[in-house]
Amino acid sequence: MIRQTSLFAYADLLPKLNRLEKIVLNCIAEHSTGINDRQIAIETGLEKNCVNGRRNALMKKGLIREAIRSTDIQTGKLVIFWKLSRVV
């Protein structure tokens, strides 16, 4: 498991990220097999529409990528699970 301090250090290496992007990036980094937007919202306390925007920005910057498409066991909907593009 990645230590929390390592995750913050990774986010600090990326000065072009705003505070909310760092929060979402850290959450995704904690889940090496992937995490979906609903789960990120629950874990971070951010609204889902806020998570979507930050996640889109991280994807456009090449920091995260699609891990898998799978059914969310809570909603029954097909969703995308996200993970880091590279391991630090």
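Analyst: Let's start with packing: the residues of helix α3 that are buried make their contacts with α2, α4 and β2. This is a predicted model, where local features need pLDDT of at least 70, side-chain atom pairs count only at pLDDT 80 or more, and totals for chains, interfaces and linings use all residues. Residues are numbered from 1 along each chain as its sequence is written, and side-chain values use heavy atoms, with hydrogens and water left out.

User: What makes up the secondary structure of the chain?

Analyst: The chain has four helices and two strands, and along the sequence they come in the pattern α-α-α-α-β-β. The labels are DSSP runs numbered from the N terminus: helices are H or I with at least four residues, strands are E with at least two. Residues 19–29 form α2, and residues 64–71 form β1.

User: Why is Ala29 called buried?

Analyst: Buried means under 20% relative accessible area, exposed means over 50%, and partly exposed is in between (1.4 Å probe, protein chains only). Ala29 has a relative accessible area of 5%, so it is buried. This residue is part of helix α2.

User: What is Lys22 called, and what about Ser32?

Analyst: Lys22, in helix α2, has a relative accessible area of 21%, so it is partly exposed. Ser32 sits in the loop between α2 and α3 and has 59% relative accessibility, so it is exposed. Its C-alpha atom and that of Leu84 are 7.5 Å apart.

User: How is Glu21 classified, and which residues is it in contact with?

Analyst: Glu21 belongs to α2, and its relative accessible area of 6% makes it buried. Contact means heavy atoms within 4.5 Å. Beyond neighbours within four places in sequence, Glu21 is in contact with Lys16, Arg54, Ala57, Leu58 and Lys61. Val24, Leu25, Asn26, Cys27, Ile28 and Ala29 are buried in α2 as well.

User: How do you know that the buried residues of α3 line one face?

Analyst: The buried residues of α3 are Asp37, Ile40 and Ala41. Seen down the helix axis, they fall within an arc of 100°, so they line one face of α3. The arc is that of the directions from the helix axis to the C-beta atoms. An α-helix has 3.6 residues a turn, so residues three or four places apart point the same way.

User: What happens at the two ends of α3?

Analyst: At its start, a side-chain oxygen of Asn36 comes to within 3.0 Å of the backbone nitrogen of Arg38. Just after α3, Gly45 has a positive phi of about 80°. The start of α2 has a contact of its own, where a side-chain oxygen of Asn18 lies within 3.0 Å of the backbone nitrogen of Leu20.

User: What makes a group of residues a nonpolar core?

Analyst: A nonpolar core is a set of buried Ala, Val, Leu, Ile, Met, Phe, Trp, Tyr and Cys residues joined through side-chain atoms within 4.5 Å. The largest one here has 17 residues, and those with the most contacts inside it are Val24, Leu25, Ile28, Ile40, Leu58 and Ile64. Two or more residues come from each of α2, α3, α4 and β2, and α2 gives the most, with five. Setting aside residues up to four places away in sequence, Ile40 touches Val24, Cys27, Ile28, Ile35, Gly45 and Val51.

User: Why are β1 and β2 called a pair?

Analyst: Two strands pair if DSSP finds at least two bridges between them. β1 and β2 have seven bridges, in the antiparallel sense, so they meet the definition. Ile68 stands opposite Phe81, while Arg65 has Lys83 as its bridge partner. The two strands form a hairpin with six residues between them, and Gly76 in the turn has a positive phi of about 80°.

User: How much of the chain counts as buried?

Analyst: Of the 88 residues, 35% count as buried.

Terms used: A polar contact is a pair of N or O atoms within 3.5 Å; within protein, one must be able to donate a hydrogen and the other to accept it, and residues adjacent in sequence count only if both atoms are side-chain atoms.
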